[in-house]
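Thanks for coming. I will show one model today and walk through a few of its contacts. Please have a look at it first.

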Amino acid sequence: QWLTALSQLVSRVCHQNDEIVRLVKRIITAVLQSYTQQALWIMAAVTKSTVAARRQAAAEILQQARNALRQEHERNLFTQFATLIEQLIRLCFHSGPAKAKTLSLSAEFSFLKRML
């Protein structure tokens, strides 16, 4: 049930009321622990926010959720996801070789290809 409202909760991580912020962070952390793969996608945008306070709040939430997970492979999802997001952003801003008609994932984004 929380997944449907997660984006709205994430938008409130910098609310002016400290009690609301604590509650929102606790809920988001719990959702991340229960639905890690799904919730990480929603957290991706806020981790790259231009607002430093939002980035910091997201980092705190992700760290709390990651630390609470018992399985190493579950904790590794957080690191792998951060790397994936960085690579996807790099891909989005890649201008490609001049006058090239194709782009080689192997040549230009080998790290991203290895993640597949």
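I start with a salt bridge: Lys25 pairs with Glu60, and their closest N and O atoms are 2.7 Å apart. By salt bridge I mean a side-chain nitrogen of Lys or Arg within 4 Å of a carboxyl oxygen of Asp or Glu. Helices here are DSSP runs of H or I with at least four residues, numbered from the N terminus. Lys25 counts as buried at 17% relative accessibility, whereas Glu60 is partly exposed at 33%. For those words, buried is under 20% relative accessible area, exposed is over 50%, and partly exposed is in between, with a 1.4 Å probe and protein chains only.

Before going on, a note on the source: this is a predicted model, where local features need pLDDT of at least 70, side-chain atom pairs count only at pLDDT 80 or more, and totals for chains, interfaces and linings use all residues. Residues are numbered from 1 along each chain as its sequence is written, and side-chain values use heavy atoms, with hydrogens and water left out.

How many salt bridges does the structure hold? There are four. Another of them joins the side chains of Glu86 and Lys48, at 2.0 Å from N to O. That pair also links distant parts of the chain: Glu86 is in helix 5, Lys48 is in the loop between helix 3 and helix 4, and they are 38 residues apart. Glu86 is partly exposed, at 39% relative accessibility. Lys48 is partly exposed too, at 37%.

There is also a salt bridge between the side chains of Glu19 and Arg22, at 2.8 Å from N to O. Here both residues belong to helix 2 (residues 18-34), and they sit three residues apart, about one turn of the helix.

Next, Thr36, which lies in helix 3 (residues 36-47). Is Thr36 buried or exposed? Thr36 counts as buried, with 9% relative accessibility. A polar atom of the Thr36 side chain is 2.6 Å from the backbone oxygen of Leu32. Setting aside neighbours within four places in sequence, Thr36 is in contact (heavy atoms within 4.5 Å) with Val31, Leu69, Leu77 and Phe78.

Moving to helix 5, which covers residues 72-93 and includes Leu91. Leu91 is partly exposed, at 31% relative accessibility. Leu91 forms a nonpolar surface patch with Trp41, Leu88 and Leu103, and together they have about 340 Å² of accessible area. Such patches are made of residues with over 30% relative accessible area and no salt bridge; like charges are joined within 9 Å, and nonpolar side chains (Val, Leu, Ile, Met, Phe, Trp, Tyr) within 5 Å. The areas come from the Shrake-Rupley method with a 1.4 Å probe, and for residues only the protein chains shown count as cover.

Glu74 is also placed in helix 5, and Glu74 is partly exposed at 27% relative accessibility. Glu74 and Gln37 are 37 residues apart in sequence, and their C-alpha atoms are 9.3 Å apart.

Last, the cysteines. The structure holds zero disulfides, a disulfide being a pair of cysteine sulfur atoms within 2.5 Å. Cys14 is partly exposed, with a relative accessible area of 37%, and Cys92 is exposed, at 64%.

Conventions:
Helices (H or I, at least four residues) and strands (E, at least two) are DSSP runs, numbered from the N terminus. A polar contact is a pair of N or O atoms within 3.5 Å; within protein, one must be able to donate a hydrogen and the other to accept it, and residues adjacent in sequence count only if both atoms are side-chain atoms.
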